[in-house]
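This briefing covers one structure, grouped by topic. Please read it beside the sequence and the model.

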Amino acid sequence: MALDAALAVAVLACMVAGSFVDPHGKNEVTWALRTPDALSLLLITLGAAALVFRRRAPMTVLALTGTASVVESVTGDPRAPVAMSAVIALYTVASTTDRPTTWRVGLLTMTVLTGSAMLAGPLPWYAQENLAIFAWTGIGATAGDAVRSRRAFVAAIRERAERAERTREEEARRRVAEERLRIARDLHDVVAHHIALVNVQAGVASHVMDKRPDQAKEALAHVREASRSALNELRATVGLLRQSGDPEAPTEPAPGLDRLDELAGTFRSAGLQVEIARADQDTTLPAAVDLAAYRVIQEALTNVQKHAGPEAKAEVSVVRVGPNIEITVLDDGAGDDETVEGGGHGLLGMRERVTALRGTLTTGPRYGGGFRVHAILPVKSRTRAAEDTG
């Protein structure tokens, strides 16, 4: 409304200024001043006022401005440029409707305005003012149709790009699901086969342990061999998921928040300033939640060391909030944290770990510089909650 009101004021000023100028004067070659009559000024005001509502009711505005232009063409002598408002209204109709409607409305407007000016106006039918009405109405319809076509073209390109992006995301999710299913099948085959062998041989050893110790030792040897084979195949299967530079899998117990100070010490020895704040009241976490919290902090600090710059400082907080444990890692670095947010496997791995435990992870740049990683993990994991319910 504000833009249309400003446009209406500008058009009003142009029409009023044009109504005071006679391009021919007395000698048909000079410019002269003239005084428009009251009806012309009234029609100019009505035509300009109608343009304020041109986006809300384009057809109605075109009808009103067209009527005012016809009245001025028939009665005005000399004629005021009321047709300017009709040209703008016709442009609005053409830019907001389809092409067939533009053709019909444009031809009708052009015929009515030009025909009334030629047949009923005070000027000769071949006067320049009559030809100008014909030309300007055609320009208004053509310009509006061109703008509409351009908008439709841009919208089609945007929609095509969004559809292609959705297709790529769906294809990526499908491939991830297929790969996870394949890995799950491989792990199931390895574990199910060898654990079944271990179970059978362990049963045999338990049964003959007292009466036939030699056979029991042989069964235990089979158990050892089956377990070794299972470990080797599991290592080979999981190794397919590793990157070329990943370290070998550790043999020590899975780490947790009880080793948070040790983790911070390793980063401090590498030159990163790390501050730890804990308010978790020594909460005992399930193994999966404890490991996920540790890995989130480890990956976040690794990203700080890689991307936040040599002078960056990191703050780690672990807070118990109701049924959840909240992990927050902040840094004040001025490095390429946007690169961390946009790509790589670190954030994706963190998100998958947290989501698997029905938690939430939010990451993003901080206002004023730096990066923020915030994870909310349930104190009771899904497995623990199911066991407690049972």
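Buried here means under 20% relative accessible area and exposed over 50%, with partly exposed in between (1.4 Å probe, protein chains only). This is a predicted model, in which local features need pLDDT of at least 70, side-chain atom pairs count only at pLDDT 80 or more, and totals for chains, interfaces and linings use all residues. Residues are numbered from 1 along each chain as its sequence is written, and side-chain values use heavy atoms, leaving out hydrogens and water. Helices (H or I, at least four residues) and strands (E, at least two) are DSSP runs numbered from the N terminus.

**Strand 7 and its partners**
- Strand 7 (residues 371–378) has six of its eight residues buried, so the rest of the structure largely encloses this strand.
- Strands count as paired if DSSP finds at least two bridges between them; strand 5 (residues 324–331) pairs with strand 7 in the antiparallel sense over eight bridges, and Ile327 has Ala375 as its bridge partner there.
- Strand 6 (residues 360–365) also runs antiparallel to strand 7, joined by six bridges, with Leu361 opposite Ala375.
- Five residues lie between strand 6 and strand 7 in a hairpin, and Gly368 in the turn has a positive phi of about 95 degrees.

**Helix 1**
- Asp4, Ala8, Val11, Met15 and Ser19 are the buried residues of helix 1.
- These residues cover an arc of only 70 degrees around the axis (taken from the directions from the helix axis to the C-beta atoms), which puts them on the same side of helix 1.
- Ala2, Leu3 and Val9 are exposed on the other side of helix 1.
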